[in-house]
Amino acid sequence: AFVGMDMETITETDSETGEEFTYEMPKAAPSMIDLTAEENHLFMTYFPAEQVEKLESAAFFMSMMNANVGGTYAAFEVKNAADVQNIADALKDALANNMWMCGMPEGFYIAEVNGVVFSAFASADGLNAFKAAVAATYENVTVLYDEAFGF
């Protein structure tokens, strides 16, 4: 199961009492990241805070089971195409130098398509699925980094 941070209200019926009850749960879909909000969930993607002003928009989704192994996947729309490589380098450094605590991703992938930087860190299966989806969706993918972690 993969989710973003947007919430939805779920209504169910208690099988014993027949009473309806509701609860909030993350939607099973990517979420836009509010770049103007102080608590914007951008930290979940390891995107470097000092690069945020270079973004037009951002979105992500992650595995509910383990965001590091199941994967965290993001797209960052860059305001100025000249900043793409600097952003990719800073994101690579953030991922490569992170101290992973729970569940070790096997690698990370950073690519660019028309000023949008795609990023993923996950198990090999998750990375391969993400790379295949990006390649199948876009013709002009430029792979900037596709690296395994050397734990």
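# Strands, helix, core and rings

User: In S8, which residue is the bridge partner of tyrosine 73?

Analyst: Strands (E, at least two residues) and helices (H or I, at least four) are DSSP runs, numbered from the N terminus. Two strands pair if DSSP finds at least two bridges between them, and S6 and S8 do so in the antiparallel sense over six bridges. In S8, the residue bridged to tyrosine 73 is alanine 120.

User: At what pLDDT do side-chain atom pairs count?

Analyst: Residues are numbered from 1 along each chain as its sequence is written, and side-chain values use heavy atoms, with hydrogens and water left out. This is a predicted model: totals for chains, interfaces and linings use all residues, local features need pLDDT of at least 70, and side-chain atom pairs count only at pLDDT 80 or more.

User: Is S6 largely enclosed by the rest of the structure or left open, and how many of its seven residues are buried?

Analyst: Buried means under 20% relative accessible area, exposed over 50%, and partly exposed in between, with a 1.4 Å probe and protein chains only. S6 is largely enclosed by the rest of the structure, because the buried residues among its seven number five.

User: In S6, which residue is the bridge partner of leucine 55?

Analyst: S6 also pairs with S5, in the antiparallel sense and over seven bridges. Within S6, leucine 55 has as its bridge partner valine 78.

User: With which side chain does the side chain of serine 57 make a polar contact?

Analyst: Serine 57 belongs to strand S5 and is buried, because its relative accessible area is 19%. Contact means heavy atoms within 4.5 Å, and beyond four places in sequence serine 57 touches Met32, Leu35, Ala75, Phe76 and Glu77. A polar contact is a pair of N or O atoms within 3.5 Å; within protein, one must be able to donate a hydrogen and the other to accept it, and residues adjacent in sequence count only if both atoms are side-chain atoms. At 2.6 Å, the side-chain partner of serine 57 is glutamate 77.

User: What does helix H1 reach from its first C-alpha to its last?

Analyst: H1 runs over residues 84-96, which is 13 residues. The expected span of a helix is 1.5 Å times one less than its number of residues. For H1 that expectation is 18 Å, and the reach in the model is close to it, at 18 Å.

User: Which strands are included in what covers the buried residues of H1?

Analyst: The buried residues of H1 are Val84, Ile87, Ala88, Ala90, Leu91, Lys92 and Leu95. Their cover includes strands S5 (55-63), S6 (72-78), S7 (107-113), S8 (116-122) and S9 (142-148).

User: How many residues does the largest nonpolar core have, and which element gives the most to it?

Analyst: A nonpolar core is a set of buried Ala, Val, Leu, Ile, Met, Phe, Trp, Tyr and Cys residues joined through side-chain atoms within 4.5 Å. The largest has 24 residues, and those with the most contacts inside it are Leu42, Phe47, Leu55, Phe76, Leu95 and Ile110. S5, S6, H1, S7 and S8 each supply at least two of its residues. The element that gives the most, with five residues, is H1.

User: What is the angle between the planes of phenylalanine 118 and tyrosine 138?

Analyst: Rings of Phe, Tyr and Trp (its six-membered ring) pair if their centres lie within 6.5 Å; planes under 30 degrees apart count as stacked, over 60 as edge-to-face and the rest as tilted. By this rule the count is 14 aromatic pairs. Phenylalanine 118 and tyrosine 138 form a tilted pair with 5.5 Å from centre to centre, and the angle between the planes is 45°.

User: Is tyrosine 138 buried or partly exposed?

Analyst: The pair links distant parts of the chain, 20 residues apart, with phenylalanine 118 in strand S8 and tyrosine 138 in the loop between helix H2 (124-137) and S9. Phenylalanine 118 counts as buried because its relative accessibility is 10%. Tyrosine 138 has a relative accessible area of 34%, so it is partly exposed.

User: Near what value is phi of asparagine 114?

Analyst: Asparagine 114 sits in the loop between S7 and S8. With 63% relative accessibility, asparagine 114 counts as exposed. Its phi is positive in a residue other than glycine, near 50°.

User: How far apart in space are alanine 28 and alanine 124, C-alpha to C-alpha?

Analyst: Alanine 28 lies in the loop between strand S3 (20-26) and strand S4 (31-32), and its 67% relative accessibility makes it exposed. In sequence, alanine 28 and alanine 124 are 96 residues apart; in space, C-alpha to C-alpha, they are apart by 22 Å.
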